[in-house]
Amino acid sequence: MRKSLLKSRRQFIQGTALSSVFLGFNLPLKAQPISTELQQSLPDSMLKPGANFSNYGQPSVYEKDIIRWISANPNVPGNGVSWTPLEELQGTITPNGLHYERHHNGVPDINPSTHEILIDGLVDKPLTFSIDALKRYPQTTKICFIECGGNSNAGWRSSPIQSAAGYVHGLVSNAEWTGVPLRLLLNECGIQAEAKWAIAEAADGAALNVSIPVEKLLDDAILALYQNGERLRPENGYPVRLLLPGWEGIVNVKWLRQLKLVEQPAMTRDETAQYTDLLPSGKARQFSFTMQAKSLITSPSVGMTLPDNPGIYQVTGLAWSGKGKISKVEVSADGGDSWVEAELHTPILDKAFTRFSLPWQWQGQYAVLQSRATDETGYQQPTRQALIAERGDNSFFHYNAIVSWEVNEDGQISHIYV
């Protein structure tokens, strides 16, 4: 039986900056009065010299629990994923050490001084490019997300999984990538008229290879050398990875070694048996490269508990779309019966994370929190029911339905299907 829900617009505060809405309202946390003892004592950190310099900075030991959670395949060493803890982060940029991972046969150890990228096939002049040579080319920078096609796939299950938001939806991360526009190298090689696809191959133990339309490579593809200003980490493609903004993670090939231009796709394992969606008609939805609009409330979210003093809480989360910019995010506290538009934090970038937030008055009432993203093309994030009606229940990839967090009267939060 459905519990009684208050309409969303009665619970959210709009039309004012978050910093000012707290005036006149009870805060969710209570500040402590200043004690005489506190005024007369000094913390230990002020009574001795601090630590020495370090060659490379590390997180505080007090933040040691903010890590990537690993889901490895016990039967195939080096095969698996690690998840970005989205619920533990703020802003939009994912630190390099917390960027999600997907490996098919482990992380290769590649010496950049001997690594080369070959462009051949239907080109006038096959060429190889060393890493040092790539650094001499003009470079461009793009802030964008990369999302695994299998992200959020637990949503296809018949029962909602009760895991932290990042442990279900954290196969997506957002970073600043810098490298060489691929069209410069393709034009240097000379693309023949028959070339419509390219087979991109990785230099890992799986020899991962996928087919990519040449049109995308000439548009906004980058051979990324840097991530958030530093050289790529090994687990994210060092010494060079292919970056295709807005497209599913599998085609953003790490450890790139070859691009072979061809007339037709190669129909490899990772574009036939994997990363395709079996539809109710029996046909397969294939080459669905673009990641559709999606959003997720990261706080409060499943596993969290609201403290025992009602007041104003900031509902915050992330939205993204492979089709362009996020134009709107709406939030509901009544399971989608009514919606209120959230504040979008700037900058709002193309094919990148957008942070959203909205002040919520929680007075100990039962609630179901949801967020719904709309991108600049007008595409709106679907409900789970609508997604299953379109795709059926045999899918594993490309899940982007609205996520529902149930808040009970004790402030405990769980994942439910609405």
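Here is a short chat about strand pairing and pockets in this predicted model.

Reader: Why are strands E4 and E5 called a pair?

Author: A pair needs at least two bridges between the strands. E4 (residues 116-121) and E5 (residues 127-130) are joined by 4 bridges, so they count as paired. They run antiparallel, and Leu 118 stands opposite Thr 128 in E5. With 5 residues between them, E4 and E5 form a hairpin.

Reader: How do you know that E4 pairs with E13?

Author: Again, the cut-off is at least two bridges. There are 4 bridges between E4 and E13 (residues 256-262), so this is a pair too. Here the strands run parallel, and Leu 118 stands opposite Gln 258 in E13.

Reader: What makes Val 81 a lining residue of the largest pocket?

Author: A lining residue has an atom within 4 Å of a pocket point. Val 81 is one of the 25 residues that line this pocket, so it has such an atom. Val 81 is also among the residues closest to the centre, along with Trp 83, Asn 153, Leu 171 and Phe 396. The pocket holds about 440 Å³ of space, and E2 (80-83) gives the largest share of its lining, 3 residues.

Conventions. Residues numbered from 1 in each chain as written. Predicted model: local features only at pLDDT ≥ 70, side-chain atom pairs only at ≥ 80, totals over all residues. Heavy atoms only, no water. Helix = DSSP H or I, 4+ residues; strand = E, 2+ residues; numbered from the N terminus. 1 Å grid on protein atoms, 1.4 Å probe; cavity = no way out; pocket = protein on both sides within 12 Å on 5 of 7 lines; lining within 4 Å. Points joined across faces, edges and corners; volume = space filled by probe spheres on them.
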